[in-house]
Amino acid sequence: MTNIHDRLLIIDFGSQVTQLIARRLRELNVYCEIHPYQNVTDAFLAEFAPKAVILSGGPASVIDEGSPRPPSTVFDLNVPILGICYGQQVMMEVLGGKVESGHGTAEFGRAFVTPEAEKLALLDGWFEDDKEQVWMSHGDHVSKIAPGFEVYGTSPNAPFAIIADTSRNFFAVQFHPEVHHTPNGAKLYENFVKMAGFKGDWTMGAYREEAIAKIREQVGDAKVICGLSGGVDSSVAAVLIHEAIGDQLTCVFVNNGLLRKGEAEEVITMFRDNYNMPFIYADERELFLGELDGQSDPETKRKIIGKLFIDVFQKHAAEVGGAKFLAQGTLYPDVIESVSFSGGPSVTIKSHHNVGGLPEKMGLKLVEPLRELFKDEVRELGRELGLPTGFIGRHPFPGPGLAIRCPGEITRPKLEILREADAVYIDQIRKHGLYDDIWQAFVAILPVKTVGVMGDGRTYDFACALRAVTSVDGMTADYFPFSHEFLGETATRIINEVPGINRVTYDITSKPPGTIEWE
């Protein structure tokens, strides 16, 4: 599908912020893909045919034996190349320069770069105040640049902060232009893709047409089933596939009793009234809540939910008969993170609820029309498809639902209290016009009861925690700075309107060290 677009290749050396490079480029309507360096072979390069290449940062030292390297043929592609941090150092090491460790030239955090030599097209719009703030994060440093390169910018601890071989369109910077701590970094990427000749034709309007054609080609006249969670990703995937193949698609929406207040009705109404597609509503609340009753271990909860979802989905999918494909709302960050950079196992922070194992079990092939998109692109595609604006802008909601916002034992009464408290909290956020400024907001009901006073009586009820975070992609997050007036007003409403809660707290933990959800 993407072969009709000019493509930019990002070779990943393990930086924590490589995804931000891709996001910056997608914002410029440039199609790009991230691939770990060990997967970038000569055969891969020939097939991918990049119009430009970016070498990411990374935690390794190029001085160490066996440190990551791009294939040498990358430098023979006759396309513009930009090296960032480790990417700069590996360019110098491969092309004849020299990298050293230590000697007081490490830099971590904010730095200021000043220009050297004549103007460089990569730096159009830079140095209007004779210096630029950038974000440095390096221990090693380039001590000698490769033949053909010249210096175009320096910082106090990086004499080769910006270098270029303009005859070959090779550029390299020691800092990270993709992070927001380099305020003018987006302009540098814009200049790079402009020099590389990208047309900026990666739009959701174009993607929609291409995706529809690809779905039709892949599916033919076969039937497709889609596990609809009611979230943005699966909903956009379902509407896109329905536009491609119509009634060959059947959506299965499972109500597991762990949804927010009014959520099941909202999803059913939207799909049955607006899209008139084959739709199975599976009310399985008793099954899920029966199995979860009294469970307190977070991983046990997730595994129970995952197993039951597969069983229930398989049962109801059988009603469709003859389905050959399963549709999923897999996104590009899921694809990137499923490929371990080191080739080794990654630490499991928490199990992810999905339909893993289901396609093999049922003999189904996967249809994943969103697997090239970031979350913000999915929302844009949803708008392109005409989904309601309020629905598209909804905060993310985890697959296990309220189960992981109920630390400790799960009981029906606790879930009902949580549902009501969450509804009041979100209503407050909307009433104060803050909903779209927040990435995700929710209430967690705590596994403790506290003493309180209401009227002249003593209460012994649950405590709850409010959570609200700002984030770009959910990988890192900061707590939202509500005013004390807002928090006080919200606490009063929850305690007055939700029987069973007598104490409200606000969670101000960032991610890391915390996660966004409580379990």
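Ring pairs join Tyr425, Tyr479, Phe480, Phe482, Phe486 and Tyr506 into a cluster. Rings of Phe, Tyr and Trp (its six-membered ring) pair if their centres lie within 6.5 Å; planes under 30 degrees apart count as stacked, over 60 as edge-to-face and the rest as tilted. The model is predicted: local features need pLDDT of at least 70 and side-chain atom pairs count only at pLDDT 80 or more, while totals for chains, interfaces and linings use all residues. Residues are numbered from 1 along each chain as its sequence is written, and side-chain values use heavy atoms, with hydrogens and water left out.

In total, the structure holds 19 aromatic pairs. One of them is edge-to-face: Phe171 and Phe192 lie 6.3 Å apart, centre to centre, with 85° between the planes. This pair links distant parts of the chain, since Phe171 belongs to strand S11 (residues 170-173) and Phe192 to helix H4 (residues 185-196), 21 residues apart. Helices (H or I, at least four residues) and strands (E, at least two) are DSSP runs, numbered from the N terminus. Both Phe171 and Phe192 are buried, where buried means under 20% relative accessible area, exposed over 50% and partly exposed in between (1.4 Å probe, protein chains only). Phe271 and Phe279, by contrast, form a stacked pair, at 6.2 Å centre to centre and 25° between the planes. Phe271 is buried, with a relative accessible area of 0%, and Phe279 is buried at 12%.

Charged groups also meet aromatic rings. The charged end of Arg23 sits over the ring of Phe374, 5.5 Å from its centre, and Arg260 lies over the face of Phe397, at 3.9 Å from the ring centre. A charge sits over a ring if NZ of Lys or CZ of Arg is within 6 Å of the ring centre and within 35 degrees of the ring normal.

How many disulfides does the structure hold? There are zero disulfides, a disulfide being a pair of cysteine sulfur atoms within 2.5 Å. The sulfur of Cys251 is 4.6 Å from the closest cysteine sulfur, in Cys226, and this is too far for a bond. Cys251 is buried, with a relative accessible area of 0%.

Helix H8 (residues 285-292) has Phe288, Leu289 and Leu292 as its buried residues. They lie on the same side of H8 because they cover an arc of only 90° around the axis, the arc being that of the directions from the helix axis to the C-beta atoms. Gly294, whose phi is positive, near 85°, follows H8.
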